[in-house]
Amino acid sequence: MSEVTDDASSPVPAEEPGRQVVPLLAPRDGVPDVVTTAEGVAKAAAALSEGTGPLAVDAERASGFRYSARAYLVQLRREGAGTVLLDPIPTAADLAPLAEVINPLEWILHSADQDLPGLAEIGLAPATLFDTELAGRLAGFERVGLAAIVERTLGFELRKGHGAADWSKRPLPDTWLNYAALDVEVLVELRNAMAAELGEQGKSDWAAQEFEHIRLAGPPRPKPDRWRRTSHITSLKTQRQLAAVRSLWQAREDLARKRDVSPSRVLPDSAIIDAATKDPRSIEALRALPVFGGPRQRRHSRIWLQALEDARALPDSELPPKTPPFTGPPPASRWARHDPDAAERLTAARAALAALGAEVSVPVENLVTPELVRRLCWDWSVPEDGAEAAIDRVLDAGGARPWQRMLTVPRLATALRAAAEQKGAGDD
């Protein structure tokens with residue numbers, strides 16, 4: 001790997017004795033100009049086609065500023081081709097030549113599930129994937145942020161600072177572009193180091209299965225009743241107030257989507273709760289409330305008042321329940337009261353998985369999703385064809401990968417049998 005240093009910087013001691021960490025302050029080839037035209041896309045595609053090996057990829061969004069999860073800057077780097085910074089907004093209709101070159105490649109991303117949906121929206125998707133964040137989890141690293149893994153494996157310090165910025169801003173400041181280019185500067189080297197680490201631990205196949213799962217997963221499904229996540233909603237007393245929150249939340253969502261603005265910037269949660277509590281009946285009363293009287297909100301007064309009127313007009317039969325209906329097991333904190341046997345099974349399963357995670361140095365949530373474990377323990381009944389076969393069916397239906405089932409099914413079977421035996425001994 002080429003040495004990346006800054007003449008004005010000096011190495012700082014690493015956590016390991018005798019090891020040095022070098023601040024990574026600027027890309028080795030400088031910060032390239034941002035590609036904003038069809039001609040620029042064609043040139044970038046040609047350059048990347050001459051490169052070798054996998055492709056380092058990153059994307060910057062504008063979470064907290066925009067409603068959409070679209071990419072506002074795409075960073076690409078390949079050995080022998082250098083770094084490309086692409087503005088996908090003006091070039092969205094011109095990306096076919098780029099897709100033709102890069103889509104057949106292996107992509108390297110950090111936390112790929114965050115960026116792949118937005119990249120897919122513009123026609124960019126990898127043939128194979130290597131996720132350095134997920135690799136760190138499987139390797140048992142305690143800290144799996146990009147900066148932490150780069151420092152641990154390569155000895156470079158990546159200084160963060162603009163990840164939460166509004167990347168929809170134009171023009172993008174030079175310091176932001178420098179930061180963006182650095183995010184792909186050493187991803188290829190990092191991928192190779194993590195692949196070696198996983199190979200030494202015998203986890204290469206585990207990682208390959210996980211990477212393919214992420215690659216094919218697609219965007220996450222919207223969660224039901226998202227309006228119930230409104231801050232301080234538990235302070236409300238009545239179903240009618242909940243209906244007002246739901247109506248205001250949906251009106252805000254519609255407006256945010258139309259304007260491509262983050263919902264919190266359209267109307268804060270605190271204002272929704274305040275209006276649901278005080279239930280203003282006129283524009284004057286609405287504007288007397290904090291926030292609603294401000295200049296940005298006054299032009300939407302009729303929208304907010306209509307939302308409140310709609311909630312007020314609902315018959316009692318259409319009011320939302322005070323607690324959301326369960327689509328699966330109830331919260332685990334209630335199991336001991338509702339089903340003590342299920343609570344015992346869950347305790348035993350969690351203990352077994354914690355021990356397994358410690359043995360293989362993999363976080364429990366990466367061995368099997370907590371929700372899948374809860375469903376298994378809540379619905380469990382002794383099967384005719386043996387516990388392991390039944391558990392394997394449940395995990396397979398829930399999307400667990402073969403490596404996960406190979407490790408967890410025997411431990412879960414033993415734990416559930418032990419819980420049943422303990423119950424039997426207690427009944428005696």
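View 1. The model is predicted, so local features need pLDDT of at least 70 and side-chain atom pairs count only at pLDDT 80 or more, while totals for chains, interfaces and linings use all residues. Residues are numbered from 1 along each chain as its sequence is written, and side-chain values use heavy atoms, without hydrogens and water. Helices are DSSP runs (H or I, at least four residues; strands are E, at least two), numbered from the N terminus. The axes of helix 16 and helix 18 (residues 370-379) come within 8 Å and cross at roughly 140°. Axes are lines fitted to C-alpha atoms, for helices over the stretch in contact, with angles from 0 to 180 degrees between N-to-C directions.

**View 2. Residues of helix 16 meet residues of helix 18.** Ala342, Arg345, Leu346, Ala349, Arg350 and Leu353 in helix 16 are in contact (heavy atoms within 4.5 Å) with Val373, Arg374, Cys377 and Trp378 in helix 18. This contact has 7 nonpolar, no polar and 3 charged residues.

**View 3. Ala358 lies in helix 16 (residues 340-360).** Ala358 counts as exposed because its relative accessibility is 60% (exposed is over 50%, with a 1.4 Å probe and protein chains only). Gly140 is 218 residues from Ala358 in sequence, and their C-alpha atoms are 9.1 Å apart.

**View 4. UniProt lists residues 238-318 as "domain: HRDC" in an unreviewed entry.** This stretch is 69% helix and 0% strand, with its end C-alpha atoms 13 Å apart.

Technical notes:
UniProt positions renumbered as here; feature names shortened; annotations may be inferred. Buried < 20%, exposed > 50% of the residue type's maximum accessible area, 1.4 Å probe, protein only. Nonpolar A, V, L, I, M, F, W, Y, C, P; charged D, E, K, R; others polar.
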